[in-house]
Amino acid sequence: MMSGEGKVVCVTGASGYIASWIVKFLLQRRYTVRATVRDPSNPKKVDHLIKLDGAKERLQLFKADLLEQGSFDSIIDGCDGVFHTASPVRLVVDDPQAELIDPAVKGTLNVLKSCAKSPSVKRVVYTSSVAAVLFNTRPKNPEVIVDETWFSDPELCRESQLWYMLAKTLAEAAGWEFVNKNKIDMVVINPTMVAGPLLQPEVNESVQPILDIINELLNAGLPFRNKNYGWVNVKDVANAHIHAYEITSASGRYCLSERMLHCSELAKILQDLYPTLQISDKCEDDEPYMPLYQFSKEKINSLGIEFIPLEVSLKETVESLREKKIVKF
């Protein structure tokens with residue numbers, strides 16, 4: 001394991017679910033971390049970061065706004081690496097352009113412009129999503145293996161009103177265009193649904209979808225969705241970001257999925273973990289189950305990530321939500 005001793009890195013949107021773990025692991029590796037948040041004076045957003053091991057010595061908090069050009073300049077200047085995780089996650093929007101697409105695209109470009117101005121920055125690791133990979137007309141069935149060469153189709157996302165997917169797709173595309181033009185070394189991480197323990201005290205938008213799925217099954221005993229999701233542990237996602245920064249040969253995009261499974265399987269796993277709960281074994285519709293497909297692990301294996309099994313991730317998620325009194329049973 002490489003030591004970050006003497007190295008300064010920046011993490012944007014540091015109070016988020018994935019970003020908090022990136023900060024934790026960077027501090028463990030002795031990096032000095034400049035963490036940006038929208039409001040450093042809000043204890044709900046920063047207390048869990050200030051309490052991390054090594055934070056006293058090597059964590060610096062900064063206020064920065066994604067939509068304000070230049071607001072990252074002085075923070076990024078002098079950093080060896082930048083982890084750009086800040087991006088709006090909203091699944092319900094009234095005005096997709098203003099609430100999701102502009103902040104995602106402009107925010108990404110603002111951070112990358114600050115990187116372009118700073119000669120110290122060696123590499124940017126950018127948090128994208130399989131939202132920027134999966135949504136196209138290519139067939140998805142058990143013979144299909146999705147890999148890093150797949151991109152979502154903006155037109156299809158627009159027609160289907162998949163606004164979050166559209167925002168992630170356009171932001172990643174704008175990022176690649178900018179770094180190629182400005183000769184910035186960027187590596188992109190595209191995780192599936194992220195599970196595992198929360199460091200932050202409250203459920204933010206990126207944890208909400210998991211909470212919804214788990215709550216439907218655990219508390220309401222509602223029929224499970226006729227959907228497939230890929231899953232990956234938040235600690236694996238955080239480690240993948242750091243490996244993508246430290247391993248010189250890392251390049252391009254990396255899809256992250258420990259396992260793809262149908263919600264019926266998810267219900268079974270939760271029932272095995274919590275046998276006393278009444279978890280539904282019925283699907284929300286009578287249609288055939290959506291066909292499963294897989295994600296290639298070939299490229300991510302080259303970063304030396306050994307995935308935490310989904311059973312462990314789900315248990316960690318539920319226990320973490322219980323501990324924070326977000327899920328009660």
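Is lysine 325 buried or exposed? Lysine 325 is exposed, having a relative accessible area of 59%, where exposed stands for over 50%, buried for under 20% and partly exposed for the range in between, calculated with a 1.4 Å probe on protein chains only.

## Basis of the model

This is a predicted model, in which local features need pLDDT of at least 70 and side-chain atom pairs count only at pLDDT 80 or more, while totals for chains, interfaces and linings use all residues. Residues are numbered from 1 along each chain as its sequence is written, and side-chain values use heavy atoms, with hydrogens and water left out.

Lysine 325 is found in the segment after H12, and its phi is positive, at about 60°, although the residue is not a glycine. The helices named here (H or I, at least four residues) and the strands (E, at least two) are DSSP runs numbered from the N terminus.

Lysine 183 likewise is not a glycine and has a positive phi, of about 50°. Lysine 183 lies in the loop between H7 and strand S7 (186–191), and with 75% relative accessibility it counts as exposed.

## Salt bridges

A search of the whole structure finds 18 salt bridges, each being a side-chain nitrogen of Lys or Arg within 4 Å of a carboxyl oxygen of Asp or Glu. One of them joins glutamate 172 to arginine 253, with the closest N and O atoms 2.7 Å apart. Because glutamate 172 lies in helix H7 (residues 163–182) and arginine 253 in strand S10 (residues 252–256), this pair ties together parts that are 81 residues apart in sequence. Both glutamate 172 and arginine 253 are buried.

Arginine 259 forms a salt bridge with glutamate 258, the closest N and O atoms being 3.4 Å apart. Arginine 259 is partly exposed, with a relative accessible area of 25%, whereas glutamate 258, at 13% relative accessibility, counts as buried. A network of salt bridges links Glu258, Arg259 and Glu311. A further salt bridge pairs glutamate 319 with arginine 322, where the closest N and O atoms are 3.4 Å apart; these two residues both lie in helix H12 (residues 310–323), three residues apart, which is about one turn of the helix. Glutamate 319 is partly exposed, at a relative accessible area of 30%, and arginine 322 also counts as partly exposed, at 28% relative accessibility.

## A buried aspartate without a salt bridge

Aspartate 236 has its place in helix H9 (residues 234–246). Aspartate 236 is buried yet has no salt bridge, and the nearest side chain of opposite charge, that of lysine 235, is 7.9 Å away; in this assignment Lys and Arg count as positive and Asp and Glu as negative, with His and the chain ends not counted.

The side chain of aspartate 236 does, however, reach the backbone nitrogen of isoleucine 308 at 2.7 Å. Apart from neighbours within four places in sequence, aspartate 236 is in contact (heavy atoms within 4.5 Å) with Leu256, Ile305, Glu306, Phe307 and Ile308.

## Packing of helix H8

Two packed helices are described by the angle between their axes and the distance between the axes. The axes of helix H8 (residues 208–218) and helix H10 (residues 263–273) come within 11 Å and cross at roughly 65°; such axes are lines fitted to C-alpha atoms, for helices over the stretch in contact, and the angles run from 0 to 180 degrees between N-to-C directions. The crossing of H8 and H10 is right-handed, a term used when the near helix is turned clockwise from the far one by less than a right angle, with anticlockwise giving left-handed.

On the H8 side Ile213, Leu217 and Leu218 meet Leu266, Ala267 and Leu270 of H10. The buried residues of H8 are Pro209, Ile210, Leu211, Ile213, Ile214, Leu217 and Leu218, and what covers them includes helix H1 (17–28), strand S8 (193–195), strand S9 (228–233), H10 and H12.

## Surroundings of lysine 45

Lysine 45 is found in helix H2 (residues 43–50) and, at 28% relative accessibility, counts as partly exposed. Leaving aside neighbours within four places in sequence, lysine 45 is in contact with Ser15, Asp39 and Glu202. Lysine 45 and alanine 14 are 31 residues apart in sequence and 8.8 Å apart in space, C-alpha to C-alpha.

Definitions and conventions: Polar contact = N/O pair within 3.5 Å; in protein donor to acceptor, adjacent residues only side chain to side chain.
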